[in-house]
Amino acid sequence: MNRRPLLSFTVCWVAGSAAGCLFSGRSLLFCLAGLLLLPVVWAVSGGIRLRTAAVLVTALIVAALYWEYSEVRNVSLLPKVLGHPVSEVNEAYVTAAGVIASPVERDGDRVDFVAKLSSVRLHQQGEQSAAAGAAEREAEGERVTVLIKLQEESEIAEAALWQRGDRVVIEGELIQPQIARNFGGFDYRAYLLTQKIHWLLKGTGTASVKVNSQGSWEPSTILRWNDKARSVLGAEMSRLFQEPHAGYMKGLVIGIQKELDPETFRQFSQLGLTHILAISGMHVAVYVGVILVLLRRCRLTRETALTVTLLLVPVYVLLSGAGPSVIRAGIMSMIALLAARLGMLKDGLNILAASALMMLIWNPYLLLSVSFQLSFLVTAGLMVYTPLAASLFRRLPGWLGSSLSVTIIAQLVSFPLTIYYFNQFSLLSVAANLLLVPFITFLVLPLGTLALLLGRVWNAGALLTAQLAEILNNITFAAVEWVNGITAGVMIWASPSILWICLYYCLLYGLLHMLKRRTEAMLVPQFMDDETRPLAEVERPEARGNIRARAGSNGRNNVLNSAGAANSGRAALAFQGYPQPGSARWSNSAAILCAVGLTILLYKGYNAEVIRDGSGSISYLDIGQGDSSLITTPGGAHILVDGGGTVSFGNREEWRIRRSPFEVGAKTLLPLLKQRGIHRLDAVILTHGDQDHAGGLQAVLEGMPVSAMLFNGTLAATEPYTKLMATALDAGVRMYPVQQGMTLVPDEATRLNFLWPEPRADRQTMPEEVEDQNHESVVFRLEMNGRSFLFTGDMDQAAEEAILHSASQSGIRQGRSIDVLKVAHHGSKTATSADWLAFWTPGAAVISAGVNNLYGHPNGGVLERLADANTGIYRTDQQGEIQLRVGKEGITVRHKLTPAPD
């Protein structure tokens with residue numbers, strides 16, 4: 001650390017910033033106190049100088065204070081400006097004036113951009129016009145995300161004229177971004193907070209936006225020109241390449257990822273190849289290398305070539321979108337080029353530290369960016385771990401050993417963050433990266449760039465080059481699809497803790513370090529302490545290098561003296577850099593300990609979701625207007641009841657269709673299951689075929705192994721339902737039509753008794769299409785650890801009466817009381833009758849309904865009947881996800897949100 005003060009300072013700055021991010025108040029003080037002790041103890045033990053320790057302590061304190069200062073400033077001023085609390089400003093209609101502060105992007109019928117406001121006016125209740133109402137108030141630079149929903153196809157051309165720097169006046173509704181409504185779910189509000197955005201401003205049609213083009217030159221004009229240049233380059237790519245190649249090449253060459261085919265991105269992501277699709281250090285290195293070669297071929301001096309390249313790096317960074325990874329690579333390249341120009345080139349870790357420090361001072365919230373974390377961590381990991389691993393591949397040819405070590409280390413270093421954010425890892429990722437990254441980097445990327453450069457000069461040559469690139473792309477896509485077809489290689493991991501991640505890196509470093517020492521020890525020449533060292537050993541090149549490295553400036557005499565000292569045996573070995581005799585045995589033991597520790601850590605991380613105290617759990621997920629519940633039995637079986645689904649009304653016009661529309665299964669349900677470390681679903685119970693229950697299961701079947709599917713024995717006459725059943729059959733999922741009287745026993749503490757649908761012979765043969773799926777909903781009673789729960793799907797009152805009649809025929813006048821009732825049909829008035837409640841006498845009820853849904857669920861009459869029955873009520877629209885932990889001693893309830901008081 002004494003040799004790399006900048007690196008030490010940056011590490012402490014990151015630690016201080018992380019402490020400020022993770023803790024507050026007294027917890028922050030305790031955390032800082034613990035961190036401050038480390039450099040003090042290090043200095044007292046003689047590891048570093050006291051002056052260095054003081055600098056490190058200062059870095060920790062200043063970084064934490066700087067984070068707190070940024071947090072205090074990162075608040076919305078609109079409630080104060082408008083003179084109303086947040087609850088009243090939310091969903092208020094306003095007129096806001098400001099400047100477009102980001103590129104304007106369109107996806108289907110939605111246009112979005114970031115606006116920096118100068119003034120805002122709150123409309124009076126019921127007012128929709130800017131002609132009257134309260135006076136305008138200064139907004140003091142508040143940043144908002146503007147979402148405009150286009151009404152007509154003709155509005156596309158008008159919105160295409162909007163550019164960064166234009167002055168706008170927008171009429172729309174202020175909306176607070178959505179928070180995470182499920183445990184471990186994506187928090188959109190927190191994400192926008194890192195960009196210093198606190199509100200969404202939603203407008204309808206281009207008529208809600210009045211635009212005045214930028215007049216005089218302003219600093220933002222440079223970014224405006226850059227947006228135009230990227231737009232022109234993107235249009236040229238679209239002209240040269242067919243889809244899906246155009247979207248793929250835009251991401252690969254110029255960093256425009258918004259048009260990348262979602263399926264292509266999913267397949268690349270599964271193999272850990274998404275870094276190829278984002279402009280990063282690899283792209284910058286190729287860019288800098290090509291420019292340097294070309295400039296030297298033009299017979300420019302080395303100094304001139306370095307200077308010109310240094311000035312061109314920022315141009316490439318801007319043209320490629322200026323994401324965190326490319327900014328990091330650009331800053332590192334510029335520092336390295338400048339150092340080389342001045343003859344002061346230092347080691348890469350100091351350059352990396354300088355880049356990180358500059359970026360975090362400019363914007364401390366970059367510390368929370370996935371791209372920033374992966375970019376810096378992988379780069380630092382390659383610098384630290386690759387030299388340790390190099391000796392393990394010494395028997396391979398140089399090029400192969402180097403490629404293998406870099407690829408494997410990159411995968412090992414990125415692994416914790418990959419599973420933390422994406423919750424899956426492919427065992428085939430190393431092979432895919434080893435084969436495809438060089439193929440794409442050295443063939444596809446240059447061809448795509450060449451086609452773009454030739455486009456305006458030699459059209460025929462550009463089209464021919466593009467066709468060749470498309471052929472190579474087809475090979476890439478086919479290889480990725482084939483490898484992804486080997487589903488056994490994909491592992492699902494729960495998001496680990498920060499402590500787990502730190503332990504992983506420490507154990508990995510220890511293992512590689514010990515293996516390196518072991519390898520070096522095995523290469524030590526074997527001779528006795530009293531033997532003269534063989535002349536051949538003295539003449540070994542590495543021995544000569546070690547001697548010279550330690551000879552200082554005394555020249556050949558010191559070399560001879562060192563060589564002569566070899567006769568002193570053990571001391572000579574230590575002097576010349578050889579491991580001590582016996583160190584191989586010690587290294588073996590240490591390496592085994594690190595390997596065992598790493599194995600245990602990985603095992604614990606992979607099986608993190610297992611409940612070990614004999615308890616089960618039921619999670620009523622908040623997936624909007626729909627139903628989805630996850631049951632985990634005491635024995636560890638996972639049963640998913642329904643999967644929600646995004647309901648679309650009618651056929652949408654083609655221009656309205658978005659490239660990656662929100663689908664609750666892919667965007668909410670499947671990520672939640674993976675985040676919780678569920679490797680396989682033992683059963684999926686599809687209560688009926690309506691889209692708001694069945695739609696989300698499509699993504700689940702495509703993204704996770706499922707052992708069995710239980711359904712009501714009928715078919716729904718819809719295309720999504722047909723596709724779902726076909727996907728299940730193709731995946732080898734066992735299909736079971738269930739009916740009244742059947743049971744399922746996952747383990748000895750759990751039992752499912754199916755109460756509906758009624759028995760019919762045709763359910764066991766060829767299922768028939770049934771239009772009224774609600775009446776055919778699967779109803780079952782779950783018994784777990786002596787507690788009982790009733791799941792009702794969307795059953796109607798007729799089904800309730802039939803179940804009650806069947807119970808009456810059996811002589812049962814009142815069912816055994818249940819602990820929790822899942823209220824049927826989202827609390828609709830078509831079910832949950834007074835007789836039904838009197839029969840089951842539930843202690844509590846859960847209602848799954850979307851926030852501000854169009855159906856008015858839950859119905860007021862249902863709520864009254866539940867209250868009359870003294871049944872406690874939990875609602876996902878008010879409390880988000882509701883989790884029940886079912887132990888032998890009782891039921892523990894927690895919910896994600898606290899409902900606002902009435």
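## Salt bridges

Asp109, Glu653, Arg656 and Arg658 are linked in a network of salt bridges, a salt bridge being a side-chain nitrogen of Lys or Arg within 4 Å of a carboxyl oxygen of Asp or Glu. A search of the whole structure turns up 17 salt bridges. This is a predicted model, so to speak of local features takes pLDDT of at least 70 and side-chain atom pairs count only at pLDDT 80 or more, while totals for chains, interfaces and linings use all residues. Residues are numbered from 1 along each chain as its sequence is written, and side-chain values use heavy atoms, with hydrogens and water left out.

Two of the bridges tie helix 8 to the loop between helix 6 and strand 6. Arg164 pairs with Asp227, closest N and O atoms 2.7 Å apart; Arg164 sits in that loop and Asp227 in helix 8, 63 residues apart. (Helices are DSSP runs of H or I, at least four residues, and strands are runs of E, at least two, numbered from the N terminus.) Arg164 is buried at 13% relative accessibility, and Asp227 is buried at 17%; buried means under 20% relative accessible area, exposed over 50%, and partly exposed in between, with a 1.4 Å probe and protein chains only. Arg224 and Asp166 meet at 2.8 Å, N to O, with Arg224 in helix 8 and Asp166 in the loop, 58 residues apart. Both Arg224 and Asp166 are buried.

Seven strands make an open, mixed sheet in the order 17-18-19-20-21-22-23; two strands pair if DSSP finds at least two bridges between them. Strands 17 (743-747) and 23 (872-875) are at the edges with a single partner strand each, so one side of each has no neighbour in the sheet. Strand 17 runs antiparallel to strand 18 (residues 750-756), joined by three bridges, and Leu744 has Leu752 in strand 18 as its bridge partner.

Strand 20 (residues 787-791) holds Arg787, while Asp819 is in the loop between helix 30 (797-809) and strand 21 (820-822). Arg787 is partly exposed at 26%, and Asp819 is partly exposed at 24%.
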